[in-house]
Amino acid sequence: MEIISAVFSVAEKCYDIAHEVKSFKTAAKHLADRIKLLLQPIELVKEDDSMLKEAEVSGNYQRFLEALKQLEKHITEIMKFLQTLKKTSLIQKVYKKGDITDKFNDFNEILDGLVPGLSLILQLEQRKEYIDQMSRFEDGQQAVKNDIANLAKDIKEMLETMQEYHKNLPGKSRVPQTLQEIKMNDFDGMTPSDVQGTFGKLFLASYKPFDEKVAIKKL
């Protein structure tokens with residue numbers, strides 16, 4: 001059945017992308033795991049196509065087929081969403097976290113809504129077990145909340161990295177803002193400056209401990 005092959009193909013791509021998402025990685029993996037669980041009845045059909053004939057006899061075939069088409073459509077949408085999320089910068093994720101949260105919640109609800117239709121291909125006892133298994137699946141909202149909490153940590157780490165990088169930029173002064181004691185023999189090549197100081201004469205020199213050019217005011 002062509003639609004079954006199409007569903008498994010797009011689902012496989014979706015799994016790969018979900019594992020490449022960094023921030024919101026828990027919610028992305030959770031969504032991929034939900035899809036994998038949804039595919040269980042379809043895997044049985046793939047192994048035993050006589051189940052389709054039984055569904056035709058029972059009158060459930062068309063409803064199952066429609067659920068299958070909807071599943072392919074929504075997995076494709078999820079794949080595109082995760083692809084965009086993967087490319088979104090950390091700052092943008094923080095700024096758009098409300099929209100991203102809504103998207104994850106919407107997709108989880110949509111997938112849950114496909115459970116009854118997909119379960120129609122199963123025998124009554126299998127169907128009950130499958131629906132129970134899906135209902136016990138961890139709530140996707142908690143996964144999103146965990147990722148949002150981790151965003152703050154990611155931002156903090158990014159800022160610390162930027163600060164460290166800024167400190168080590170070439171040409172950046174390494175002379176501390178406050179020096180409690182400076183000895184005159186720490187200076188080399190002191191020469192008068194052309195700039196006139198407000199309360200005294202200005203001199204230029206090299207501060208030997210840091211090998212930096214500095215200005216000195218003589219009061």
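**Ground rules.** I number residues from 1 along each chain as its sequence is written, and my side-chain values use heavy atoms, with hydrogens and water left out. Because the model is predicted, local features need pLDDT of at least 70, side-chain atom pairs count only at pLDDT 80 or more, and totals for chains, interfaces and linings use all residues.

**Entry 1: H1 and H3.** I looked up helix H1 (residues 2-18) and helix H3 (residues 40-47). Helices here are DSSP runs (H or I, at least four residues), numbered from the N terminus. The two axes come within 11 Å and cross at roughly 130°. I take axes as lines fitted to C-alpha atoms over the stretch in contact, with angles from 0 to 180 degrees between N-to-C directions. The angle makes H1 oblique to H3. Angles under 35 degrees count as roughly parallel, over 145 as roughly antiparallel, 65 to 115 as roughly perpendicular, and the rest as oblique. The crossing of H1 and H3 is left-handed (the near helix is turned anticlockwise from the far one by less than a right angle).

Which residues of H1 and H3 meet? From H1 I noted Ile4, Val7 and Phe8; from H3, Ile42, Glu43, Val45 and Lys46. Contact means heavy atoms within 4.5 Å. The residues of this contact divide into 5 nonpolar, no polar and 2 charged. Ala, Val, Leu, Ile, Met, Phe, Trp, Tyr, Cys and Pro count as nonpolar, Asp, Glu, Lys and Arg as charged, and the others, Gly among them, as polar.

**Entry 2: H5 and H7.** Next I looked up H5 and helix H7 (residues 97-113). Their axes come within 11 Å and cross at roughly 160°. That makes H5 roughly antiparallel to H7. This crossing is also left-handed. On the H5 side I listed Leu71, His74, Glu77, Ile78, Phe81, Leu82 and Leu85. They meet Ile100, Lys103, Phe104, Phe107, Ile110 and Leu111 in H7. I count 10 nonpolar, 1 polar and 2 charged residues in the contact of H5 with H7.

**Entry 3: the cores.** A nonpolar core is a set of buried Ala, Val, Leu, Ile, Met, Phe, Trp, Tyr and Cys residues joined through side-chain atoms within 4.5 Å. Buried means under 20% relative accessible area (1.4 Å probe, protein chains only). The largest core has 53 residues. Ile35, Leu39, Ile42, Leu71, Leu82, Phe104 and Leu118 touch the most other members. Helix H5 (residues 61-87) gives the most to this core, with 12 residues. I then followed Ile42. Leaving aside neighbours within four places in sequence, Ile42 is in contact with Ile4, Val7, Phe8, Leu68, Leu71 and Leu118. A second, separate core has 6 residues, including Phe187 and Tyr207.

Entry 4: For each contact list here I leave out residues up to four places away in sequence.

His30 is in helix H2 (residues 25-38). At 7% relative accessibility, His30 counts as buried. His30 touches Asn108, Phe137, Glu138, Asp139, Gly140 and Ala143.

Asn108 is in H7. Is Asn108 buried or exposed? It is buried, with a relative accessible area of 6%. Asn108 touches His30, Leu31, Arg34 and Gly140.

Val115 lies in helix H8 (residues 115-119). Val115 is buried at 7% relative accessibility. I found contacts of Val115 with Leu38, Tyr130, Ile131 and Met134.

Notes: Helix = DSSP H or I, 4+ residues; strand = E, 2+ residues; numbered from the N terminus. Buried < 20%, exposed > 50% of the residue type's maximum accessible area, 1.4 Å probe, protein only.
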